[in-house]
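Please look over the sequence and the 3D structure below.

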Amino acid sequence: MAIERWTPFRDLRRFEHLHRRFGVPYHYPYAGGWAIPLDVERDGDDFVVRGTLPGVAPSDIGITIEDGVLTIEANTASEDEQKEGGYLLRERRTGSFRRSVRLPESVDVDNAASSYEHGVVTVRLPVAESRKAKRLTLHVSDETPAPDPAPAA
């Protein structure tokens with residue numbers, strides 16, 4: 001029996017590789033729907049979260065922050081109308097979408113802002129002023145300290 005290093009994500013990578021090899025798209029399901037692809041980045045003192053939701057109307061998108069968790073939800077209606085002969089390929093997603101991200105404690109949720117442009121939801125979360133790094137000024141006294149007296153022998 002050979003000793004092999006344990007890699008917890010190896011089976012997941014193999015599974016993903018099989019899906020790519022045989023042409024089946026591999027998506028990460030979330031709570032019965034599809035996960036919204038996200039980018040999270042640091043922009044100066046802000047955290048910026050961007051989610052891609054092409055073809056979703058802004059009125060069908062919900063964004064909430066509760067207990068330090070940002071949640072983006074969306075719903076799209078299914079197109080029930082089928083043309084004669086049916087679909088040959090159907091990859092556009094319909095139904096409900098949801099994605100949640102835990103936010104750092106330093107985020108000021110009261111001043112968070114969101115926007116939607118060209119199918120991309122952007123949530124800008126500033127860092128709270130009280131949590132920003134503070135730069136301290138080092139004060140040097142003008143007096144030269146007296147040397148310590150020699151210890152008594």
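The largest pocket has a lining of 19 residues, and Pro 54, Val 56, Thr 76, Arg 93 and Phe 97 are the ones nearest its centre. A pocket here is found on a 1 Å grid over the protein atoms alone, as an open set of points where a 1.4 Å probe fits, with protein on both sides within 12 Å along at least five of seven lines; lining residues have an atom within 4 Å of a point. The space in this largest pocket comes to about 380 Å³. Such a volume is the space filled by probe spheres set on the grid points, which are joined across faces, edges and corners. Sorted by class, the lining has 9 nonpolar, 5 polar and 5 charged residues. Nonpolar covers Ala, Val, Leu, Ile, Met, Phe, Trp, Tyr, Cys and Pro; charged covers Asp, Glu, Lys and Arg; the others, Gly among them, are polar.

The model is predicted: local features need pLDDT of at least 70, side-chain atom pairs count only at pLDDT 80 or more, and totals for chains, interfaces and linings use all residues. Residues are numbered from 1 along each chain as its sequence is written, and side-chain values use heavy atoms, with hydrogens and water left out.

**The chain as a whole**

The protein chain contains 1 helix and 9 strands. Their order from the N terminus is α-β-β-β-β-β-β-β-β-β. Both kinds of element are DSSP runs numbered from the N terminus: helices are H or I with at least four residues, strands are E with at least two. The protein chain has 153 residues, of which 21% count as buried. Buried means under 20% relative accessible area, exposed means over 50%, and partly exposed lies in between (1.4 Å probe, protein chains only). Among contacts between residues at least 6 apart in sequence, 50% join residues at least 24 apart. A contact means heavy atoms within 4.5 Å.

**Salt bridges**

How many salt bridges does the structure hold? There are 4 salt bridges, each defined as a side-chain nitrogen of Lys or Arg within 4 Å of a carboxyl oxygen of Asp or Glu.

| Pair | N to O distance |
|---|---|
| Asp 43 and Arg 124 | 3.1 Å |
| Asp 46 and Arg 124 | 3.2 Å |
| Glu 73 and Arg 98 | 3.9 Å |

Arg 124 forms a salt bridge with Asp 43. Because Arg 124 lies in strand S9 (residues 120–126) and Asp 43 in strand S3 (residues 38–43), this pair ties together parts that are 81 residues apart in sequence. Arg 124 is partly exposed at a relative accessible area of 30%, and Asp 43 is partly exposed at 39%.

Arg 124 also meets Asp 46 in a salt bridge. Here the link runs between strand S4 (residues 46–52), which holds Asp 46, and S9, which holds Arg 124, and the two residues are 78 residues apart. Asp 46 is buried, with a relative accessible area of 18%. Together, Asp 43, Asp 46 and Arg 124 form a network of salt bridges.

Glu 73 and Arg 98 make up another pair. Glu 73 is partly exposed at 33%, and Arg 98 is partly exposed at 34%.

**How the strands pair**

Two strands pair if DSSP finds at least two bridges between them. S3 and S4 are antiparallel and pair over 6 bridges; Leu 38 has Gly 51 in S4 as its bridge partner. Their hairpin has 2 residues between the strands, and Gly 44 takes a positive phi near 65 degrees there. S4 also runs antiparallel to S9, with 7 bridges joining them, and the partner of Val 48 in S9 is Arg 124. Of the 7 residues of S4, 5 are buried.

Strand S8 (residues 113–117) pairs with S9 in the antiparallel sense over 5 bridges. In S9, Arg 124 is the bridge partner of Ala 113. The hairpin of S8 and S9 has 2 residues between the strands, and His 118 takes a positive phi near 50 degrees.

Ala 74 lies in strand S6 and is buried, with a relative accessible area of 1%. Beyond its neighbours within four places in sequence, Ala 74 is in contact with Leu 53, Val 56, Asp 60, Ile 61, Gly 95, Ser 96 and Phe 97. Leu 53 is 21 residues away from Ala 74 along the chain, and their C-alpha atoms are separated by 8.1 Å.
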